[in-house]
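Subject: Structure handover

Hello,

Here is the structure for you to look through. My notes on it follow below.

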Amino acid sequence: MSHIVSASAPLDTSKYQRGSSKQQKKARYTKDRKLNAGLKKVDRQYKDAVQSAASTELLLQEDAGYLEAEGMEKTFKFKQDEISEAVDVSTAAKKFDLKLEEFGPYTIDYSRNGRELLIAGRKGHVASIDWRTGALGCELNLNETCHAIKSLHNDQYFAVAQKKYTFIYDKTGLELHRLKQHIDSTLLDFLPYHFLLVSAGNTGFLKYHDVSTGTLVSEYRTKLGPTQAMKQNPWNAVMHLGHGNGTVSLWSPNMSTPLAKIQSSRGPVRDLAIDREGRYMAVSGADKQLKIWDLRKFKEIDTYFTPTPATSLDISDNGLLSVGWGPHVTVWKDVFKSKQNSPYMNHLLPGSKIEKIKYVPFEDILGVGHQKGVSSLIVPGAGEANYDALELNPYESAKQRQEQEVRSLLNKLSPDTISMDPSVIGTVDKRASSIRLKPGQINQVTTPGEDETVPEIRPDVQGKNSKLRSHLRKKKQNVIDQRKLRIEKNLKMEKEIRQKRHREFKGIPEEKDLLGPALARFK
Amino acid sequence: MKIKTVSRSSDTYVPVRNTQESSLPRNLNPALHPFERAREYTKALTATKMEKMFAQPFIGQLGNGHRDGVYQIAKNFSTTNQVATGSADGVIKYWDMTSRSEAVSFKAHYGMVSGLCVSPNSSSMLSCGDDKTVKLWSVNTDEFDGSQSDQELYHGRDGKGGLLKTFLGEHSFKGIDHHQDEELFCTGGASIQLWDINRSKYISNLSWGADNINTVKFNRTQTNIIASAGSDNSIVLYDVRTNSPIQKVVTSLRTNSIAWNPMEAFNFASGCEDHNAYLWDMRRLDRSLNVYKDHVAAVMDVDFSPTGEELVTGSYDKTIRIYKTREGHSRDIYHTKRMQHIFCVKFSTDSKYILSGSDDSNIRIWRTNASERSSIKSTRQRNKLEYDAALKERFKHMPEIRRISKHRHVPIVVKKAGEIKRVETDALKKREDNQRKHSRPGSVPFKSEREKHIRGTAIKEQ
């Protein structure tokens, strides 16, 4: 009977609130009665919407997974073999190991709905697999180094960062595009709502490429050396880049400088991960520290120690943080809530260094790409149990996929909407002086006061090593031409101005003009 | 160990046969829907662009129109598809809007038809003209089956149909309107006269001051009130029960037409020679409720939509503008290359269409909402349109959306005239400001735009 909610019990609507919950809904906004009534109506509609959204929770079909210890047991002591015996058959079937020892280490990626697994071995072995059925989509041997692989907006296309260029392939393995602007990139990411492929790598450049139109939207020099790690903040599409000096910089395609910089570790940043609501970031550095940051306050919450530097991080939909260090995978639970003493789960891949770990969307599975192939581990409670079919559908048909593609292209967001706060669009900029200040105050700000001294305009005086002089130095030949005369005259003028300036500085009075103002110009 | 993992049975999510609908589970958790604000904005922008793409306001014309300029349109309030028009050559026509064809036409007057109305029982039509006559016509559409000759149509057959009655007046008439409940009608001209349909002579004369009355309108809710506008720039309200005027206001320029608000019976709109239309409260005429600007020539006719939410104006600048009653600037402007000065404009009684009569002898039909289509829509389509409308409303103040939704192609003449007018009004305003600045404080008081055009009021004591 416990699962039946009585009609009178108040629903927990906190999950569905937009904006800060502290914001009080006012009874009266303005003196204008018509406007006030309109605003109150908007409030009422918002309240109703939140209520009815909360009441749809009853209709959710699935429950999230869990792993609990009983008695003396510890959850991190459970082996994958024990777990796969305890779970149901269909979940156990999802655990697999691909032994690929020749072309490793392997980096992996899942398509957005979690159906397709993409693997790329460093030595050029690329494959796409429908991992549930085990059907091979395509297999390529590119015969050159592959650094990263990334699935694009659906499972039809993927991008591979290769030795020199980045390429786009379709599902059958056909090479569609060679992105010659993306040279020497080692990290790839894709912003699905903006259709932007983002690359960074050894050149230190960050490049945004619109894959729907094929244009390079923007490229920025990070000026921080080769980029070590790159992840997107899925909540606001800001790119987080980890650098060799231990900083994490936040980028949007609209600004040539980072939106923010965080000094996170004392050595190079190895990897980072951001949770799906953009609230927390985990950063691992070569200093063997794993740091948890609150991105709302830009404050460090906790520090964890990894025995060897963590090479790969990922945060699941339900907030499980998995850390790959050496041949180990450690999964942490509730790290964003409080400091944990022991991990949630552990796994060891003997003798195989971990390259990349990635949670499967909407599944309790963690994919691990390592030195000797690809493995998938069961991590109960990792994935979002109830997907929204109008957003991402793991069971979509070909027709649905096609329609979804058109719809998402129609709703493609412009790159210039990317900012730290994704809900800023359509709101009033309260920092604007026209709103912050009263009409009288604006004048005070824009017009300087009486007593304020207007800075003196000083002519730009070249130093001793001016461009003219260096030009003259280059002209070695003893040829007097028109140009040389002009340059010498200008140099003389420059010298005079310099001397005059020097005299002014010393306080020596100007020598009296003997000729008078009328004749002075013939001097 | 207690353990559970997410394991979905594909039977639940994948349809058994491909003809079945697949289940589309929803999860409204905001965490699964990032960028909702930006996505809604993008949708609103797309919807605004789509609205502009589908904007095709002009539908067509009624039949072949008239032989001369159309100066009168009269609605039949009890049907949605019947309308009467009168032209400068004295011909009146009765139209079937569904087939856009003419039901019947009468050569009613010598000279211009200066007033036309369909009686509330919708079986007859009254017309008046410069030839000092008022004529009563039968418009039972089932009589017009095409079997009659022109003579029979005009004079009627077996005592039915055609011209029913002629009232002879003392002066040429300007404007006519029928009482909503009783068998009374009033006429304008050199004086306002009240007539009983069953008598041959007028029963009372209501004039107060004006030398010539251009338009008379019965209130259709407060049925005994008449609003009239005269050539002495005045608007006068009369009460038929006491046979006396009740309110009068004199404005700076002449009022061309009057329309009562069908829902708020005490409000009426007037189209004025000073390029503006005004909204009035009949209880307080010392100040108009709203000013509708944007036209660049005299407003010749105004009409309210049946809900009273919108107002349509036709102007001498050859454009039609649609206003929301509560806003001061037009939400849309209609024009075509061949349309000349507009003398009459009316909403259809279902508010979906607008009829305009102009100098060029055509009666044009327009959509009230340029992008709306009257075809039957599926539920999905309807939901989508409603959703789009809500989004557009929500983001209407965003610069890009506002720019797109406000943009209209306007004839170069109108655009130029608007620019010149703006310069002129700015100059006047500047001059007034300067005067105020250099006068004793308070000696040049501010006058609100809604009062500026009023020269004076006179309330008749009972």
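**A negative patch on chain A**

Glu70(A), Glu73(A), Asp81(A), Glu82(A) and Glu85(A) form a negative surface patch. Patch members have over 30% relative accessible area and no salt bridge; like charges are joined within 9 Å, and nonpolar side chains (Val, Leu, Ile, Met, Phe, Trp, Tyr) within 5 Å. Lys and Arg count as positive, Asp and Glu as negative; His and the chain ends are not counted. Each charge is placed at NZ of Lys, CZ of Arg, CG of Asp or CD of Glu.

Take Asp81(A) from that patch. Asp81(A) sits in helix H2 (residues 80–86) of chain A. Helices (H or I, at least four residues) and strands (E, at least two) are DSSP runs, numbered from the N terminus. Asp81(A) is exposed, at 54% relative accessible area. Buried means under 20% relative accessible area, exposed over 50%, and partly exposed in between (1.4 Å probe, protein chains only).

**Ground rules**

This is a predicted model: local features need pLDDT of at least 70, side-chain atom pairs count only at pLDDT 80 or more, and totals for chains, interfaces and linings use all residues. Residues are numbered from 1 along each chain as its sequence is written, chains are lettered from A and ligands numbered from 1 in the order in which they are written, and side-chain values use heavy atoms, leaving out hydrogens and water.

**Chain A overall**

Chain A has eight helices and 29 strands. Of its 523 residues, 44% are buried. Chain A exposes about 29600 Å², and carbon and sulfur atoms supply 52% of that area. Accessible areas come from the Shrake-Rupley method with a 1.4 Å probe; for residues, only the protein chains shown count as cover. Among the contacts in chain A with a separation of 6 or more, 45% are between residues 24 or more positions apart. A contact means heavy atoms within 4.5 Å.

**Backbone points to check**

Most residues other than glycine have a negative phi, and most peptide bonds are trans.

- Gly104(A) and Pro105(A) are joined by a cis peptide bond, with omega about -5°. Pro105(A) is in the loop between strand S2 (97–99) and strand S3 (106–110) of chain A.
- Phe298(A) has a positive phi, near 55°. Its place is the loop between strand S21 (289–294) and strand S22 (299–305) of chain A. Phe298(A) is partly exposed, at 33% relative accessibility.
- Phe35(B) also has a positive phi, about 55°, and is not a glycine. Phe35(B) lies in the loop between helix H1 (10–13) and helix H2 (36–53) of chain B. Phe35(B) is buried, with a relative accessible area of 7%.

What does Ala370(B) touch, not counting residues up to four places away in sequence? The list is Phe54(B), Ala55(B), Gln56(B), Pro57(B), Asp332(B) and Tyr334(B). Ala370(B) lies in the loop between strand S29 (363–367) and helix H4 (379–394) of chain B. At 8% relative accessibility, Ala370(B) is buried.

**Salt bridges**

A salt bridge is a side-chain nitrogen of Lys or Arg within 4 Å of a carboxyl oxygen of Asp or Glu. By this rule there are 42 salt bridges over all chains.

Arg122(A) pairs with Glu355(A), with the closest N and O atoms 2.8 Å apart. Arg122(A) is in the loop between strands S4 (116–121) and S5 (125–130) of chain A and Glu355(A) is in strand S27 (residues 354–359), so this pair ties together parts 233 residues apart in sequence. Both residues are partly exposed: Arg122(A) at 31%, Glu355(A) at 26%.

Arg394(B) forms a salt bridge with Glu40(B); their closest N and O atoms are 2.4 Å apart. Arg394(B) lies in helix H4 of chain B and Glu40(B) in helix H2, so the pair ties together parts 354 residues apart in sequence. Arg394(B) is partly exposed, at 47%.

Asp303(B) bridges to Lys75(B), with the closest N and O atoms 3.0 Å apart. Asp303(B) is in strand S23 (residues 299–304) of chain B and Lys75(B) in strand S3 (residues 70–75), 228 residues apart. Asp303(B) is buried at 8%, and Lys75(B) is buried at 10%.

Finally, Lys94(A), Arg132(A), Glu363(A) and Arg8(B) are joined into one network by salt bridges that share partners.

Best wishes
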